[in-house]
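Please keep the sequence and the structure in view while reading.

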Amino acid sequence: MFNRIIVLGGGSAGYMAALALKVKIPDLRVTVIRSKELGIIGVGEGSSIPLTNFLHGYLLLTPKKFFELARPTWKLGIRFIWGPRPGYYYPFGAHLNSKHPFLHRNNGFYAEQDMEYSNLETAFMAHDKVFQRGPDGQPLLHWNVAYHLENEKFVQFLETFAGRVGVETMDDTVDQVTQNESGVSGLALKSGRTESADLYVDCSGFRSLLLGQTLGEPFISFKSSLFCDRAVAGGWDRTTEPIHPYTTSEQMDCGWAWQIEHERRINRGYVYSSDFISDEQAEAEFRARNPK
């Protein structure tokens, strides 16, 4: 039924959608239309285990090439600086409900006060380590890890990989969306070309060009339960700071702050509720907490 699919948007969502389709149905013609005029959101990102499984399990990306081009850092979990404790390590692996074979009860029974050594991953996180060493001195790799990614490098990698498996990339800007009784019928581009497909995937982000602007699908707000609705972001070049193998999630006055660890840069951001703090106040609090 489908011979050609157009994915609108060339960020990580657009290319992962295109790759998922192309890898599943290799004979399908998949085209990504993206505009370098619009650019992509260039903040640091921390992933979770499902992305690791998607990249290396579903797409079958070889780790070596991924590491060479995307330059991720390892992430074993999250460190919460939250509440009365000095910190709490949340690992991706089995945690408080697991049981060491030489103990009578689950790990959580023994970790009421000190959570740093509730399992092997939290111990590694507390000491900025990632893998055990094997008898030969090499790291014992496993896939119970996620990544810290610089979005621009990640998207560049996805675009390169997409080209290798046959996904087309078209650098153009949509000027007009044409419709018929079935919905979207074509995309008139700034270059003068018109592209059409059997199915359109809208990955245009906040613009929501096809779903929102063209088809009038309503935006469903989660404001009643998702209180943090704005963010201020920044960062600095790494000097002597260790590369932590986790994302930091730190409590702030009106929200929380992330810290993403890249090889040569530290990325920080403050997600806050505009009902309780102004943009100027949030930036001042953010800068006071992060003088760099």
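A residue is called buried when its relative accessible area is under 20%, exposed when over 50%, and partly exposed in between, using a 1.4 Å probe and protein chains only. Helices (H or I, at least four residues) and strands (E, at least two) are DSSP runs, numbered from the N terminus. By that rule, six of the seven residues of strand β14 (residues 246–252) are buried, so β14 is largely enclosed by the rest of the structure.

This is a predicted model, in which local features need pLDDT of at least 70 and side-chain atom pairs count only at pLDDT 80 or more, whereas totals for chains, interfaces and linings use all residues. Residues are numbered from 1 along each chain as its sequence is written, and side-chain values use heavy atoms, with hydrogens and water left out.

**Strand β14 and its partners**
- Two strands are taken to pair if DSSP finds at least two bridges between them; β14 is joined to strand β5 (residues 77–81) by five bridges, in parallel, and Ile78 has Thr247 as its bridge partner in β14.
- Five bridges also join β14 to strand β15 (residues 255–261), here running antiparallel, and the hairpin between β14 and β15 passes through two residues.
- Thr248, which lies in β14, stands opposite Gln259 in β15 and counts as buried at 7% relative accessibility.
- With contact meaning heavy atoms within 4.5 Å, and not counting residues up to four places away in sequence, Thr248 touches Arg79, Ile81, Ala257, Trp258 and Gln259.

**The three-stranded sheet**
- An open sheet of three strands has the order β3-β7-β4 with antiparallel pairing, and its edge strands, β3 (44–46) and β4 (73–75), each pair on one side only.
- Neighbouring strands of this sheet are turned by 25 degrees against each other on average, direction ignored, where axes are lines fitted to C-alpha atoms (for helices over the stretch in contact) and angles run from 0 to 180 degrees between N-to-C directions.
- Three antiparallel bridges pair β4 with strand β7 (residues 146–150), and the partner of Thr73 in β7 is His148.
- Helix α5 packs on the sheet, where α5 touches β3 and β7, and its direction makes about 100 degrees with that of β7.

**Helix α1**
- Helix α1 (residues 12–24) has 13 residues and reaches 18 Å from its first C-alpha to its last, close to the 18 Å expected at 1.5 Å a residue; the expected span is 1.5 Å times one less than the number of residues.
- The buried residues of α1, among them Tyr15, Met16 and Leu19, pack against β1 (4–8), β2 (29–34), α2 (49–58), α5 (151–164) and β8 (168–171).

**Nonpolar cores**
- A nonpolar core is a set of buried Ala, Val, Leu, Ile, Met, Phe, Trp, Tyr and Cys residues joined through side-chain atoms within 4.5 Å; in the largest one, of 25 residues, Leu51, Leu55, Phe66, Phe154, Phe157 and Leu158 touch the most other members.
- At least two residues of this core come from each of β1, α1, β2, α2, α3 (63–70), β7 and α5, and α5 gives the most, with six residues.
- Not counting residues up to four places away in sequence, Leu158 touches Ser12, Tyr15, Met16 and Leu19.

**Cysteines**
- A disulfide is defined as a pair of cysteine sulfur atoms within 2.5 Å, and by this rule the count comes to zero disulfides.
- Cys228 is in no disulfide, and the nearest cysteine sulfur, that of Cys254, is 8.7 Å away.
- Cys228 is partly exposed, with a relative accessible area of 25%, whereas Cys254 is buried, with a relative accessible area of 19%.
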